[in-house]
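Hello,

Here is the structure I promised to pass on to you. Please have a look at it first, and then read my notes below.

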Amino acid sequence: SIERHLVQLTPGDKALNFGTQAITGTEVSTNTLYLDELVVKYSGKKPLRYALLEVPLPPGADVERTTWGIEITFAGSTEPVVLEKAQNEEGQLSYAVPLEQVVGEVRLRHLVRFGQKGLFQLPAVRLKDMYNPARTYYEQAPKYGSLRVN
């Protein structure tokens, strides 16, 4: 299964430190930085080797190239989490994350900004098995299938 969560980042008390605020509904703002968190749960008997996770974005959205030094304190936690280096491939109206192996649960986090206002219809996030393209896994009931950017 694939789950996608967008979380609004709020400035913390130190430089490069952010708190989180849950998004209610499917509205985001062009003036805010967001954390795009993807959770892939794979329960196959053998690990899924060499997969590509494709994440749709609306026009004008962009993944931040660097996460160096950024700490995020998630709601309900007191300890900040240091973001790992975001690894992705830019695409047209999407970004892709190559995964060497998927076993159990894989959690990926990217910083995203939205730059164009409007109401956008987005397809589901999908995970492709690179050596068996017939095995493609889709986000069930995409939470952000319809996204309004203000």
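A nonpolar core, as the term is used here, is a set of buried Ala, Val, Leu, Ile, Met, Phe, Trp, Tyr and Cys residues joined through side-chain atoms within 4.5 Å. Buried means under 20% relative accessible area, exposed means over 50%, and partly exposed is in between (1.4 Å probe, protein chains only).

Two notes on the source before the findings. This is a predicted model, in which local features need pLDDT of at least 70 and side-chain atom pairs count only at pLDDT 80 or more, while totals for chains, interfaces and linings use all residues. Residues are numbered from 1 along each chain as its sequence is written, and side-chain values use heavy atoms, with hydrogens and water left out.

Let's start with the cores. The largest nonpolar core has 30 residues, and Leu6, Val28, Leu53, Val102, Phe114 and Leu127 have the most contacts inside it. Two or more residues each come from strand 1 (2-11), strand 4 (33-42), strand 5 (48-56), strand 10 (94-102), strand 11 (104-113) and strand 15 (146-149). Strands here are DSSP runs (E, at least two residues), numbered from the N terminus. Another core, of 10 residues, lies apart from this one and includes Phe18, Ile70, Ile72 and Leu83. As for Val102, its contacts (heavy atoms within 4.5 Å) include Val40, Tyr42, Pro47, Leu48 and Ala51, not counting residues up to four places away in sequence.

Next, the strands. Two of them pair if DSSP finds at least two bridges between them. Five strands form an open sheet in the order 9-10-5-13-14, with antiparallel pairing. Strand 9 (89-91) and strand 14 (136-138) are at its edges with a single partner strand each, so one side of each has no neighbour in the sheet. Within this sheet, strand 13 (residues 126-129) pairs with strand 14 over three bridges in the antiparallel sense, and Lys128 stands opposite Thr136.

Strand 1 and strand 2 run antiparallel and are joined by five bridges, with Val7 opposite Ala22. Their hairpin has five residues between the strands, and Leu16 takes a positive phi near 60° there. Strand 2 also runs parallel to strand 7 (residues 71-73), with three bridges between them; here Asn17 stands opposite Glu71.

Leaving aside neighbours within four places in sequence, Thr20 is in contact with Val7, Gln8, Leu9, Thr10, Ile72, Thr73, Phe74 and Ala75. A polar atom of the Thr20 side chain lies 3.0 Å from the backbone nitrogen of Ala75.

Finally, the aromatic rings. Rings of Phe, Tyr and Trp (its six-membered ring) pair if their centres lie within 6.5 Å; planes under 30 degrees apart count as stacked, over 60 as edge-to-face and the rest as tilted. There are three such pairs. Tyr34 and Phe114 are edge-to-face, at 5.5 Å centre to centre and 65° between the planes. Tyr34 belongs to strand 4 and Phe114 to the loop between strand 11 and strand 12 (118-121), so the pair ties together parts 80 residues apart in sequence. Tyr34 is buried at 2%, and Phe114 is buried at 4%.

Tyr50 and Tyr131 are also an edge-to-face pair, with 5.8 Å centre to centre and 85° between the planes. Tyr50 is in strand 5 and Tyr131 in the loop between strand 13 and strand 14, 81 residues apart. Tyr50 is partly exposed at 37%, whereas Tyr131 is exposed at 68%.

Enjoy exploring it!

Methods. Helices (H or I, at least four residues) and strands (E, at least two) are DSSP runs, numbered from the N terminus. A polar contact is a pair of N or O atoms within 3.5 Å; within protein, one must be able to donate a hydrogen and the other to accept it, and residues adjacent in sequence count only if both atoms are side-chain atoms.
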